[in-house]
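Dear colleague,

I am passing on the structure we spoke about, and below it you will find my notes on what turned up when I went through it. Please read them with the coordinates open beside you.

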Amino acid sequence: MRARRLTGSLSCLVVLTLTAAGCGLSGGSDDSGGATAGGCSVDKGNVGSGKLTGDVKGRITFQTTNLKKDFGGYFNGVIAAFEKAHPDTTVKWIDDPGDSQFTQRLVADAQACTLPDVVNLNVNTSIALTKAGYLLDLDKKAPGSGESFGASMWKSSVFTDASGAKVHSAYPWYSGGIAQTFNVDLMKKAGLDPAKPATTILGMFDDALKIAKVSDGKYYATVANPIWRIPADWQQMGVKVLSDDGKSFTFADDPKTVAWVEAMTRMYQAGAMPKDSLSSNQDASTLYAQGKLVYGSTNPNYLRFIQQNNPSVYKKTGVARYMLDDLGHTVGAPQYISVAATSKNAPTALSFAQFLTNAENQLAWAKDPNVVIFPSTTASLDDPFFQSVKGTDPFSEARKIVAEDRKTATADEIALSPGELNAITAQVQLAMQGKKSAADALKEAQSKADELLKQGS
Amino acid sequence: MTAVRTMPDGEAPPTAPAAPGAPAPQSPGRMRRALKAVTPGPTPDAGGAAIYRRWWLPWLWMLPAIVGAAAFGVFPFLNTLVLSFTDAKPLGGAAGFVGLDNYTRMLGDSDFWLATRNSVLYAVIVVPLMVILPLFLAVLVEKNLPGIGFFRSAFYTPVLASSVVVGLSWQWLLADQGLVNTWLEKTHIIKGAIPFLSDSWLILLSAMGLTLWKGLGWYMIFYLAALGNVPKELHEAASVDGAGAVRRFWHITVPGVRTSMMLVGTLTGIGSLRVFTEIYMLGGSTGGPGGADRTLPFYIRDVGLDPLSGNAGYGAAVSVALFVLTLGLTLLAQRLTKENES
């Protein structure tokens, strides 16, 4: 009796296992010969060659990342205008909080074939979703639709698809720029001249050591977690982070990276950074707003956070051009807007994505006084609003500096996967604690990152 | 002609005391078959409770639960098992069969063993404390004294708070210039700040503290319910015999709630092997400096879920290892329970 029961159970297990295998690992084309994208059955028009055609009507979902709280008015206006221009459409707006689980949620949505029709992505998620075939190929489905974007911006939205081909699978949207922000009073207290901020990364680290000498733990130069600086600092210093073919990391081979880790270690050991921030998830914003940091976040948009949370610190905030270092210009990938290849209403989704990213709508948002963002469309950047910025408050200063930088900035930002970034950061943390030499830590970091790179390819 | 009262299929005939000397009553199955030969199916006059006696009815009531368990329990588990023998990517696509490669890699992976050590340590330290401390709390708040409701609610509040909010509060408490260090320095107990958030061991211990603090109220409720079942007479008799409070606790209260203690032990054992948020909140996205505080779920996220560089196959293999560890702990708890009962 027991044997029969066991046989029955095993049979059920085998059947269920095979079913699981069939469902979990299928990919390519479905049995009926229908079109598939990323393992999901989709409308034939969404994949393959040929321009996407169809009526702009019906209901679509549109997902942004953490924008509803501050910009609800703007987005509701854009949606209302789109629905007015296309009376048979409805756009349902959802806003992801953009926390640490954002990528995981997006992956789960993609696997379940339920990606939002129009979705706001960062460079990492754009790469991953393009590679897995979940995004509409704009070169084939909307040829010529990238002409309104700045050349470097449009170039930045080229990603590798499942077949290894380079395709545009996203429209470049806004970018925030990068600038130095600092507490003028604390800088003076440390004997530094706010009018002459550092122009190189290691120069700023030297200033941080001066701050540590006089601050006596009452305030700090910046936060310790290297996760906020990798790989941006290295790229700015002219370090070759990735090999030309993109198949292996090369950062550990450059003496400049070793010097960078050694300088980070010196700063940490000297007390230029709070010891408890070595692996903390909090960036500089919170401590800066409390008046405990000399250097704030390099994202000018966080100035709004400071203005709202501590107006007295905001008044003391100075803004300067970012340290251009060896690279000579700033880099920064924009945010992207993509259309899901799994959309049941792709013509409407594509139309909305184009409407949202057109010059007029991007400019309208960039003119919001509470934000420092720059549109990806050439026509918007030519607007006098960006050409002659007025005002001397930190926000206006930041807008002025970043607008000037836009003339030379590129979008060639190196994107590390979260796993690669964590693996590299973990090793640098050990070096900063004095548990490893800079060279050993970097060597180990490169080896682990290479392993992950190989695993993901 | 005598009218024959027909029975709907599956309905048992009305039972009546058998007359002495009458043939033995037929079994319900035989009776049903006999009746079925006469009547092909239910007749319109069959009704009442009969309709609730169909053989498939219990299955129908259980169907939602069975479907739920199969869809969200059995299927994902089996899928994970299958995935562990492949090199599947988190975003799907073609996956190749790699045999035992993932398991071989796992055995030689020092990061896996570090995560396993942390998870096991978590269980070894947290489970005994989580079994004992809520019992003390429950005994403290058991009696209906004036204002005791406030304390019961206060102890239960951390259970209701979100893990992220609790994690942020603990970050603030344990920071170098946080409440704990400041107080210890002001009272001259320590001279320099204790590195709760930058030392790997202290991060792990702090995370355990957070788990304990958040779980105490929940398991206190378990024990409060169990304490209600301990006969008061035993306490009274022991008091009359001169047993003190401590003696009564160990010899009456603890044996009285032993079954609940085993349940709490099993539940916290499983829970402590699944810890992620506490480590993430106190140790950051690397899982502490150098990733030294990563637990198995943390490691699974790192190796298996990254859409760009993750390997869902390897992540699944580590998940199977976590399952085996959890199963082992549960079986151990069950054996201990049986030994105690015998």
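To begin with one pair of residues in chain A, Gly58(A) stands opposite Thr89(A), a residue of S4(A). Please bear in mind throughout that this is a predicted model.

Together with helix H2 of chain A (residues 68-85), S3(A) and S4(A) make up a right-handed β-α-β unit. The helix H2(A) lies across S3 and S4 of chain A, and its direction is at about 165° to S4(A).

S3(A) has a further parallel pairing, with strand S5 of chain A (residues 118-121), and this one extends over two bridges; Phe62(A) is found there opposite Val118(A) of S5(A). Elsewhere, strand S8 and strand S11 (residues 336-339) of chain A pair in the antiparallel sense, again over two bridges, with Pro172(A) standing opposite Tyr336(A) in S11(A).

Taken together, these strands belong to an open sheet of five in chain A, ordered S4-S3-S5-S11-S8, whose pairing is mixed. Because S4 and S8 (171-172) of chain A stand at the edges and have a single partner strand each, one side of each is left without a neighbour in the sheet. As a reminder, strands of a sheet pair through backbone hydrogen bonds, in either the parallel or the antiparallel sense.

Turning to how the two chains meet, 45 residues of chain A are in contact with 36 residues of chain B. On the chain A side, helices H1 (2-25), H3 (102-111), H4 (123-131), H19 (418-432) and H20 (438-456) each supply at least two of the residues that touch chain B, and H19(A) gives the most, with eight residues. By class, the residues on this side of chain A comprise 18 nonpolar, 24 polar and three charged.

Chain B, for its part, is divided into domain 1 (26-85) and domain 2 (101-341), and the centres of these two domains of chain B, taken over C-alpha atoms, are separated by 41 Å. Where the domains touch, four residues of domain 1 of chain B are in contact with seven residues of domain 2 of chain B, and the domain 1 side of that contact has two nonpolar residues, two polar residues and no charged ones.

With best wishes

Technical notes: Residues are numbered from 1 along each chain as its sequence is written. Chains are lettered from A and ligands numbered from 1 in the order in which they are written. This is a predicted model: local features need pLDDT of at least 70, side-chain atom pairs count only at pLDDT 80 or more; totals for chains, interfaces and linings use all residues. Helices (H or I, at least four residues) and strands (E, at least two) are DSSP runs, numbered from the N terminus. Ala, Val, Leu, Ile, Met, Phe, Trp, Tyr, Cys and Pro count as nonpolar, Asp, Glu, Lys and Arg as charged, and the others, Gly among them, as polar. Domain bounds come from an automatic or database domain assignment. Two strands pair if DSSP finds at least two bridges between them. A crossover is right-handed if, with the strands pointing away from the viewer, the path from the first strand over the helix to the second runs clockwise. Axes are lines fitted to C-alpha atoms, for helices over the stretch in contact, and angles run from 0 to 180 degrees between N-to-C directions.
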